[in-house]
Amino acid sequence: MEKPLLIMLADDDDDDRYFFAQALEALTIPTTLVTVDNGEKLMHYLLKHTNKLPDILFLDINMPRKKGSDCLKEIKSNKDLKKIPIIIYSTCLNEEFLDELYTLGAHYCMQKSDLSELIKDLKYLFQILLNENFKRATREGFIIHSQQVL
């Protein structure tokens, strides 16, 4: 059996964390999920676990105590953390903000949706990441949406 992907989700919404865990369970890819509910806890966890960093980090933008965009800046400027593939996982994003997040080094962006869409989006995202060895998207391919799968 292959080693499970260590997935981390930083999101302050209990329901979003629950649905994310449900979506991962629906996939055939073996995963282990670690969650935190704010940006300060995220940074504390990452800095404490530099020997066992997540394979993929899903990062909500609007969190208390430290915004996701601030965490993204810190992670990408830290030599021990900067290689973590970061997927922005947020409710609504405008193009200007997406440009900023891409410039800061995020790999992809996924908009929050219902459970069935989330499962499709995750399946599509994992296929891309695993097939391309976790390579970062071009700006044109930055937004993940399951409609691309159809």
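Is Arg65 buried or exposed? Arg65 counts as exposed, because its relative accessibility is 59%; the classes are buried (under 20% relative accessible area), exposed (over 50%) and partly exposed (in between), with a 1.4 Å probe and protein chains only.

## Basis of the model

The model is predicted: local features need pLDDT of at least 70, side-chain atom pairs count only at pLDDT 80 or more, and totals for chains, interfaces and linings use all residues. Residues are numbered from 1 along each chain as its sequence is written, and side-chain values use heavy atoms, with hydrogens and water left out.

Helices (H or I, at least four residues) and strands (E, at least two) are DSSP runs, numbered from the N terminus.

## Salt bridges

Side chains of opposite charge can pair when their charged atoms come close. Nine salt bridges are found in a search of the whole structure, the criterion being a side-chain nitrogen of Lys or Arg within 4 Å of a carboxyl oxygen of Asp or Glu. In one of them, Glu40 pairs with Arg65, and the closest N and O atoms are 3.1 Å apart. Glu40 belongs to helix H2 (residues 39-48) and Arg65 to the loop between strand S3 (56-59) and helix H3 (68-76), so this pair ties together parts 25 residues apart in sequence. Glu40 is partly exposed, with 37% relative accessibility. A further bridge joins Glu74 to Lys66, with 2.6 Å between the closest N and O atoms; Glu74 is partly exposed at 32% relative accessibility.

The salt bridge between Asp60 and Lys112 has its closest N and O atoms 3.6 Å apart. This pair links distant parts of the chain, 52 residues apart: Asp60 is in the loop between S3 and H3, and Lys112 is in the loop between strand S5 (108-111) and H5. Asp60 is buried at 4% relative accessibility, and Lys112 is buried at 16%. A network of salt bridges links Asp11, Asp16, Asp60 and Lys112.

Six of the six residues of strand S1 (residues 5-10) are buried, so the strand is largely enclosed by the rest of the structure. Leu5, Ile7 and Leu9 point one way from S1, while Leu6, Met8 and Ala10 point the other way.

S1 pairs in the parallel sense with strand S2 (residues 31-36) over six bridges; pairing requires that DSSP finds at least two bridges between two strands. Within this pairing, Leu9 stands opposite Thr35. From S1 the chain crosses through helix H1 (residues 14-26) to S2 in a right-handed β-α-β crossover, where right-handed denotes a clockwise path from the first strand over the helix to the second, with the strands pointing away from the viewer. S1 also runs parallel to S3, joined by four bridges, and Ile7 has Ile56 as its bridge partner in S3.

## Helix H5

H5 has 17 residues and spans 24 Å from its first C-alpha to its last, close to the expected 24 Å, which is 1.5 Å times one less than the number of residues. Its buried residues include Leu118, Leu122, Leu125 and Leu129. Among the elements covering the buried residues are S1, H1, S3 and S5, by contact (heavy atoms within 4.5 Å).

Lys120 lies in H5 (residues 115-131) and is partly exposed, with a relative accessible area of 39%. The C-alpha atoms of Lys120 and Ala26 are separated by 9.9 Å, although these residues are 94 apart along the chain. Asn133, which follows H5, has a positive phi near 55 degrees.
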